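Open the structure in your viewer and keep the sequence panel beside it.

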Amino acid sequence: MFKDKKVIAIVATGNNGEIGKDNALLWRIRAELQHFKQVTLGNVLLMGRKTVESLPQPLKGRITVEFSKSNILTTTIEDALDECSWCCDKWLNTDTIYVCGGGQTYKSAEKYTDAIILTRIGKSYPDADTFYNVPDGFKKVGDINVDQWEDAISNELLDIVIEKWERVEWRSF
């Protein structure tokens, strides 16, 4: 059962909560992608079908579980998180599940999410069609240092902040 695992949403948004358009990211910021890799390497990732299909190739060093109502193994978010938990125990010896999108998967996993790692990209994307906002019941507990991104950020002319959020109020389920 997944309830002995830590469920963390990892997401990057634009100024207005934008996360994508047409099942694709709105930006290609090398440092942000490196951060995602560094955080998720060696862990189990939960992604929606469209997010999995948008990947150019499987993500090395991680196990990806696809959440989809058409997937016989993971038709509910609980089934998908149970599958992630099994992979954590059987293959990776980890207690962390990362929820990595898309928008509907973040929303479905919201009530089971313990923490959020949120990268805020300081730019607006008016053409976005998918959004993410921190749900009620979470509190910002700090920022993650991005000094190592200094060159990448200055080259992109962006203001980037990585925030850590934790659940302070549990909903009953």
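Begin by selecting Asp-22, which sits in the loop between E2 and H1; here helices (H or I, at least four residues) and strands (E, at least two) are DSSP runs, numbered from the N terminus. The phi angle of Asp-22 is near 50°, a positive value in a residue other than glycine. Asp-22 counts as exposed because its relative accessibility is 56%, where exposed means over 50% relative accessible area, buried under 20% and partly exposed in between, with a 1.4 Å probe and protein chains only.

Before moving on, note that this is a predicted model, in which local features need pLDDT of at least 70 and side-chain atom pairs count only at pLDDT 80 or more, while totals for chains, interfaces and linings use all residues. Residues are numbered from 1 along each chain as its sequence is written, and side-chain values use heavy atoms, with hydrogens and water left out.

Now show the whole chain as a cartoon. It has five helices and nine strands, which follow the pattern β-β-α-β-α-β-α-β-α-β-β-β-α-β along the sequence. Of its 173 residues, 44% count as buried.

Next, select Asn-93, in the loop between helix H3 (77-92) and E5. Asn-93 also has a positive phi of about 50° although it is not a glycine, and with a relative accessible area of 74% it is exposed.

From there, go to Asn-43, which lies in the loop between H1 and E3. Is Asn-43 buried or exposed? At 9% relative accessibility, Asn-43 counts as buried. Its side chain makes a polar contact with the side chain of Thr-94 at 2.8 Å; a polar contact is a pair of N or O atoms within 3.5 Å, where, within protein, one must be able to donate a hydrogen and the other to accept it, and residues adjacent in sequence count only if both atoms are side-chain atoms. Leaving aside residues up to four places away in sequence, Asn-43 touches Gly-61, Arg-62, Ile-63, Leu-92, Thr-94, Thr-96 and Tyr-98, with contact meaning heavy atoms within 4.5 Å.

Select Gly-101 and Gly-102 together, and look at the peptide bond that joins them: this bond is cis, with omega about 0°. Gly-102 belongs to the loop between strand E5 (96-99) and H4.

Beyond H4, select Lys-111, in the loop between H4 and E6. Lys-111 is partly exposed, with a relative accessible area of 32%.

For the last stop, select Glu-169, in the segment after strand E9 (160-167). Glu-169 counts as exposed, at 51% relative accessibility.
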